[in-house]
Every structure is written in C-alpha cells, then in structure tokens.
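Here is a short report on one protein chain. Look over the sequence and the fold, then read on.

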Amino acid sequence: MFNQYFKIVKDMKKLAFLLAGLVVFQAAAFASDDKPIQVSELPQTAQQFITTHFPDHKVAMAKVDSELFEKSYEVVFTNGDKVEFDRSGEWTEVQYRNGAVPSAIVPAEITKYVAANYPDAFIRSIERDRHDYEVKLSNRWEIKFDLNFNVIDLDN
C-alpha cells in the first residue's frame, strides 16, 4: 500500500514539474517581443508623420513591439525625443526631452487651455488613447483631458 502511495506522489511531482514547465514556456511564447526595424518598415502613416513633424531629426532607433494581440512601434531620435505609434501607424505618444512638441499635433483645444492657464509653460509630451489625452508641461504639471477636451485630472 505504501509503495502504491509513493508511486502516486512521485507521478504527481512529475506532473507538477511538467505543468510548471509548460506555464514557463507559454509565458515566454506570449511575452512581448521587441525587434529593431528600419524606418521603412513602419506603417506608411507613421513614416509620413515623421517626415512631416520631424524633418530635421535623425532616427537613432526604430522598433516594433509584437504582443499576443497588439503591435506597436517606437521611434527614438538621436536627441532623445521619442514617438510611439499604434499598429496602424497613428501616433499614440510624442515626447520631447528639451523642447515643445510640434504644435501641429496638439489639438487646438488643448493648446488654448495650456496657453490660458499656464502661459509660461509648453507641452513636453502628449499621449492619447481611446479614452483621453494626457499632456506633460515644462513646469512639471500633468493634465488629462477627456475626448471632449474637458480637464479630468491635474497632477503636479
């Protein structure tokens, strides 16, 4: 009887190790996969965005981040500025290290709000998703807007 019990315990240990190995393998398979790419491999919309808004910037690195159901792109310029794009090449985030993001990409309502309420500041980064916009100012304020450009959060 004890021999049968130990055999069952031994078999359960083997099964547990097998399952743990499968979980680790599966996690590795579904983890995000960053891969360097050429700018020419970006979606056409992203390439046009860079040409239009960053004509004097030199690209240091471009990469694609492939996840299970998502794909995104990131471009870093030699001066440290950065742009992120979604799978279709629409910008999702623009960050400037020292200057202001190009005013042409900032919605007019956001530009107007910042100018009226923070006249000595400029927008260092802007991020957008399906729910809101978030800007970070040169004076360290972070302002979140809903899609109707109403302020929904302030953080200093």
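## Elements and overall layout

Helices and strands here are DSSP runs, numbered from the N terminus; a helix (H or I) needs at least four residues and a strand (E) at least two. The model is predicted. By that count, the protein has three helices and nine strands. Their order from the N terminus is α-β-α-β-β-β-β-α-β-β-β-β.

The protein has 156 residues, and 30% of them are buried. Consider the contacts with a separation of 6 or more: 35% of these link residues 24 or more positions apart.

## Strand pairing

Strand S2 (residues 59–66) pairs with strand S1 (residues 33–37). The two are antiparallel and share five bridges. Ala62 in S2 is the bridge partner of Ile37.

S2 also pairs with strand S3 (residues 71–77), again in the antiparallel sense. Seven bridges join this pair. Met61 has Val76 in S3 as its bridge partner. A hairpin of four residues connects S2 to S3.

In a regular strand, side chains alternate between the two faces of the sheet.

## Nonpolar core

The largest nonpolar core contains 30 residues. Phe85, Trp91, Val94, Ile110 and Ile126 have the most contacts inside this core.

What does Ile110 touch, leaving out residues up to four places away in sequence? Its partners are Ile123, Ile126, Tyr133, Val135, Phe145 and Phe149. One of them, Ile126, is also on the list of residues with the most contacts in the core.

## Largest pocket

The largest pocket has a volume of about 360 Å³. Its lining comprises 14 residues. Glu70, Asp86, Thr92, Asp129 and Arg130 lie nearest the centre.

Which strands each supply at least two residues of this lining? S3 and strand S5 (91–95) do. By class, the lining has nine charged, three polar and two nonpolar residues.

## Second largest pocket

The second largest pocket holds about 160 Å³ of space. Its lining includes Ala100, Val101, Ser103, Val106 and Thr111. Val114, Ala115, Tyr118 and Pro119 also line this pocket, as do Ala121, Phe122 and Ile123. Helix H3 (residues 108–117) gives the largest share of the lining, three residues.

The class make-up is 10 nonpolar and two polar residues, with no charged ones.

Key. Residues are numbered from 1 along each chain as its sequence is written. This is a predicted model: local features need pLDDT of at least 70, side-chain atom pairs count only at pLDDT 80 or more; totals for chains, interfaces and linings use all residues. Side-chain values use heavy atoms; hydrogens and water are left out. A nonpolar core is a set of buried Ala, Val, Leu, Ile, Met, Phe, Trp, Tyr and Cys residues joined through side-chain atoms within 4.5 Å. Buried means under 20% relative accessible area, exposed over 50%, partly exposed in between (1.4 Å probe, protein chains only). Contact means heavy atoms within 4.5 Å. Two strands pair if DSSP finds at least two bridges between them. On a 1 Å grid over the protein atoms alone, a cavity is a set of points where a 1.4 Å probe fits but cannot get out, and a pocket is an open set with protein on both sides within 12 Å along at least five of seven lines; lining residues have an atom within 4 Å of a point. Grid points are joined across faces, edges and corners, and a volume is the space filled by probe spheres set on the points. Ala, Val, Leu, Ile, Met, Phe, Trp, Tyr, Cys and Pro count as nonpolar, Asp, Glu, Lys and Arg as charged, and the others, Gly among them, as polar.
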